[in-house]
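Here is a short briefing on one protein chain. Please look at the sequence and the model before reading the points.

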Amino acid sequence: MNCKWIIAFIFLGLAWFVFQVVQFLGLTKELKIHGIEKCRKINIENPAEDIIAYKNLAIGATSDIINLFLKHNSLPLVTPGYLFAVDPAKNLYYRIKTYNFNTQYAFNPHGITIFNDKLYVLSHSFNKGGERIFVFSLSFTTEIEAEFVKSIEIDQNHGLYNSLIFVDEEQFFLTQWSAFADPPEGRDFSFSSEIKRIWGIFSPSGTVKRCKVDGEKANCQEIMKGYMPNGIEIIGNKMFIAESIEKKVKVYEIKENFDLEFKDEVQLEYSPDNLRAYNGDIYTTGNFRSVDIITLTDALNSNKPLPMIPGIAGRIYLKGTKWVTQNLLTEDILSFPTSCIITNNTFLLTGIIENHILACTLDS
Ligand SMILES: *[C@@H]1O[C@H](CO)[C@@H](O)[C@H](O)[C@H]1NC(C)=O
């Protein structure tokens, strides 16, 4: 082959790579704020990665995500999380009274889910419990209260898991958002770890696992690989999985033996994080530009002022036979949004940086 052609080929390859990186980071994307006129902030003391609707209210679980995931070796600085409730109709926030919690474990919540009036909280308990699920039985009289039932150990892969969803009392699905488990000191931002994480972005190093509860232990098997499987949700016999790197929500059919069969996927403009079902549709939110996360971790690790990380929230719904999406709002008033729900006709969004949630009144 002629040398000229080889050079042209290499050049094209490089150009393609640069294009992919620019696309992935969102370097050329322009933010157009919309849909936030009817949003207000409700203070929640500490950030919460996930919230869920419960009896016209919202339940959330706070955790010190900055020291857990965004700063170098900061596990010793992590403050414990707790459960809280928000009543959007009254702009009311309170910590949920929690009984009988086993204090030998650290409580650093990530994804949460409710099944049969039990709240399941995925926690990065590190040297005090590993990756673990805390199970609470919920009750409601004048306030929501939570009684600790038991905990379920997944494994010792610190920091690995994002979300879980139960298909029956004994079986659940789990997503692994992080490419590599964190060391016992917390997240490591050394050069070699960063290179490993960047590699993880370009190779499917996340997983979806199917797990069976056996007393206080979960037995999990990997059923699927992905780039960054994140939120997970069920409507009827359909399973939805957010893929944050590909910016997609994928739709699977749940077979009788709980195998998943791929059916459809929806391309989004943003990186979806947690998924929530409401009225037969899926709601999700996530970051508008991936490059903002690099700017954020850099600011946190060099004590610079934190940048605002804008996000988009949207609805995913069935149009004819195809799942499609519609953006509900594009916002720059809640940094790094990760979860959204609808409760009592209010759209609530939570994020991992700020001590408030957004409550947006829905039309109709
Ligand atoms: C739902 O919201 C409406 C109006 O904001 C309020 O009057 C009502 O009490 C709320 N319902 C419940 C069950 O909280």
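The points below cover two sheets, their strand pairs and one annotated segment.

This is a predicted model, in which local features need pLDDT of at least 70 and side-chain atom pairs count only at pLDDT 80 or more, while totals for chains, interfaces and linings use all residues. Residues are numbered from 1 along each chain as its sequence is written. Helices (H or I, at least four residues) and strands (E, at least two) are DSSP runs, numbered from the N terminus. Two strands pair if DSSP finds at least two bridges between them.

**The sheet of β2 to β5**

- An open sheet is built from four strands in the order β2-β3-β4-β5, with antiparallel pairing.
- Its edge strands, β2 (48-54) and β5 (92-95), each pair on one side only.
- From one strand to the next, the twist averages 25°; axes are lines fitted to C-alpha atoms, for helices over the stretch in contact, and angles run from 0 to 180 degrees between N-to-C directions.
- Strand β4 (residues 83-87) runs antiparallel to β5 and is joined to it by four bridges.
- Opposite alanine 85 stands tyrosine 94 of β5.

**The sheet of β15 to β18**

- Another open sheet has four strands in the order β15-β16-β17-β18, and its pairing is antiparallel.
- The edge strands here are β15 (229-235) and β18, each of which pairs on one side only.
- On average, neighbouring strands of this sheet are turned by 25° against each other, direction ignored.

**Strands β16 and β17**

- Strand β16 (residues 238-243) and strand β17 (residues 248-254) run antiparallel and are joined by six bridges.
- Lysine 238 stands opposite glutamate 253 in β17, and isoleucine 241 has lysine 250 in β17 as its bridge partner.
- The hairpin of β16 and β17 has four residues between the strands, and lysine 247 takes a positive phi near 55° there.

**Strands β17 and β18**

- Seven bridges link β17 to strand β18 (residues 260-267), and the two run antiparallel.
- Tyrosine 252 has phenylalanine 262 in β18 as its bridge partner.
- In the hairpin of β17 and β18, with five residues between the strands, phenylalanine 258 has a positive phi near 70°.

**The annotated segment**

- An unreviewed UniProt entry places the feature "transmembrane region" at residues 6-28; UniProt positions are given in the numbering used here, feature names are shortened, and annotations may be inferred rather than shown by experiment.
- In the model, residues 6-28 are 87% helix and 0% strand, and the end C-alpha atoms of this span lie 30 Å apart.
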